[in-house]
Amino acid sequence: MEAGEDTAAPAPGDAEDLEDTRFPSEEAGDGGGVHEDPTDLGDGSLEETGSGTKDRPPSLLSPLPQSESPSCNCGLWDPSASENSPTSDLESGSGGQGGDPSDEDWRSKRKHVFVLSEAGKPIYSRYGSVEALSTTMGVMTALVSFVQSAGDAIRAIYAEDHKLVFLQQGPLLLVAVSRTPQSAAQLRRELLAVHAQIVSTLTRASVARIFARKQNYDLRRLLAGSESTLDRLLDSVERDPGALLLGAVRCVPLARPLREALGALLRRCTAPGLALSVLAVGGQLVTAAQERSVLAECRLDPADLQLLLNWVSAPAFAAGEAWAPVCLPRFNPDGFFYAYVARLDAMPVCLLLLGTDPEAFHDMATCRRLVEDGMHNLRAMRTLGEAASFSNAPSANAPSYSVQAVGAPGLWHFLYKPLDIPDHHRQLPQFTSPELEAPYSREEERQRLSDLYHRLHARLHSASRPLRLIYHVAEKETLLAWVTSKFELYTCLSPLVTKAGAILVVTKLLRWVKKEEDRLFIRCPPKYSTPPAASSASTDQASHNGLFSGP
């Protein structure tokens with residue numbers, strides 16, 4: 001079997017065939033697309049350790065040639081006005097005091113993330129204060145400049161058990177220093193997510209314009225209060241790696257009739273210039289509806305949606321309603337939407353409305369009241385409230401679910417992402433996983449599980465030798481990772497499960513996912529048409545912000 005060739009694997013609906021599937025022996029050789037890994041997944045040889053200094057890493061942001069708008073850097077972003085913005089109330093989370101590299105507590109952290117300018121001006125540090133780390137960041141700038149002077153670009157440095165990954169994005173330099181099992185590619189994706197979170201606040205055009213005028217500008221003045229948003233993003237990657245690893249969003253498990261009714265409700269509650277409506281709870285997606293013209297132009301990227309879900313989880317949005325501009329970097333990194341954020345009925349249910357009209361706050365507030373009334377009529381508030389405070393009862397009707405609901409003894413945890421969705425549906429990439437329960441109830445065990453998933457993902461998607469299947473027996477669990485043309489699956493099983501038992505467990509899991517797919521995923525994303533903006537001024541502003549302008 002050639003590397004990269006699809007395994008003759010069943011879709012979830014054809015799980016019966018899996019019982020006859022045999023795992024190839026180790027004699028498959030290096031060219032085989034299926035690999036039974038006899039080595040310890042903790043071995044450092046699993047990482048890609050090439051020199052990696054030849055090519056600059058490509059940006060994952062959409063290179064949309066939208067027109068740059070001078071108004072993107074309007075008074076809404078003035079530092080003096082930031083005290084009145086929703087994010088100004090956030091506590092600064094970039095390490096607080098300390099941060100001296102000689103401090104043992106600072107050095108004991110498994111992973112550090114730094115953001116600085118090309119001139120070496122500190123912007124953000126995951127741990128410690130940037131003032132105490134200015135010398136360290138100066139050394140990073142010197143390393144990058146030295147390599148660039150030779151006409152090359154530094155991408156990664158490997159030193160014993162540490163990886164240093166560098167990412168240049170315009171005038172910003174992002175660096176990750178890690179002792180985790182994450183590969184350089186995975187760390188680079190994490191740095192791209194951090195950069196996207198910064199761009200969502202300022203837009204790429206504004207950042208480039210600021211540093212073109214003054215290279216040593218202190219960008220912390222404009223990002224004041226946003227440090228905790230970056231902290232939450234990095235914390236979420238540690239706690240729940242599925243979203244970033246799989247490039248997908250997690251949906252709240254919900255009965256299909258109720259989800260469709262909520263989608264229809266969002267379609268009915270529209271306003272001039274409304275482009276996107278999102279209903280979420282507990283950082284998970286309930287449903288989302290896009291305006292038809294936006295849907296025809298491009299789908300909602302899961303990275304943008306994850307960025308929005310992280311943004312609205314800020315304490316400033318915990319109650320009431322807010323109105324603030326936000327950029328979606330994958331859609332258009334140089335423009336921004338106007339976001340209306342509201343918590344419904346003092347519940348953890350969040351409604352997010354994105355529009356192009358800066359004067360549409362009252363129209364959005366009217367939509368919010370209509371959505372709230374409609375959800376009360378559907379009796380959906382209680383169901384979604386239970387989703388945010390999940391109890392471990394493995395009920396088939398529970399908004400979230402326990403791994404016991406699968407009915408496969410020996411299955412401890414899994415990540416599942418469907419890949420067989422027709423493109424014409426413009427489907428949002430999604431994944432599902434159960435709640436973390438024993439033996440992964442303690443923080444150190446959850447961290448170990450995250451490390452296992454990162455290792456498996458790095459092996460399956462290795463640039464030099466991609467695999468289709470990994471079966472590995474470790475000390476504390478048995479691991480099986482499988483990617484086909486129809487799904488991507490990572491499972492953690494009891495260490496007592498045999499190879500034949502693992503086949504039966506995966507068979508039951510695929511059958512269960514097929515049975516529950518309408519509850520676990522949004523199968524047909526809702527779409528709607530909005531009326532044109534009433535005033536010419538609003539229309540001019542909508543085209544002026546660069547979101548819907550042509551190339």
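**Aromatic rings and their neighbours**

In this predicted model, lysine 109 lies over the face of tyrosine 127, at a distance of 4.9 Å from the ring centre. The ring of tyrosine 127 also has the charged end of arginine 126 sitting over it, 4.6 Å from its centre.

Pairs of aromatic rings were then considered, and a search of the whole structure finds 13 of them. One of these is formed by tryptophan 106 and phenylalanine 114, whose rings are 6.4 Å apart from centre to centre, with 45° between the planes, an arrangement that is classed as tilted. Tryptophan 106 counts as buried because its relative accessibility is 10%, where buried means under 20%. Phenylalanine 114, at 2% relative accessibility, therefore counts as buried.

A further pair is made by tyrosine 453 and tyrosine 490, whose ring centres are 6.3 Å apart; their planes stand at 75°, and the pair is therefore edge-to-face, since planes over 60 degrees apart are placed in that class. Tyrosine 453 belongs to helix 13 (residues 443–460), whereas tyrosine 490 belongs to strand 17 (residues 487–493), so that the pair ties together parts that are 37 residues apart in sequence. With a relative accessibility of 2%, tyrosine 453 counts as buried, and tyrosine 490 counts as buried with a value of 1%.

Ring pairs also build a cluster, in which Trp323, Phe336, Tyr338, Tyr340 and Phe361 are linked.

How values were computed. Residues numbered from 1 in each chain as written. Predicted model: local features only at pLDDT ≥ 70, side-chain atom pairs only at ≥ 80, totals over all residues. Heavy atoms only, no water. Phe/Tyr/Trp six-rings, centres within 6.5 Å; stacked < 30°, edge-to-face > 60°. Buried < 20%, exposed > 50% of the residue type's maximum accessible area, 1.4 Å probe, protein only. Helix = DSSP H or I, 4+ residues; strand = E, 2+ residues; numbered from the N terminus. Lys NZ or Arg CZ within 6 Å of the ring centre and 35° of its normal.
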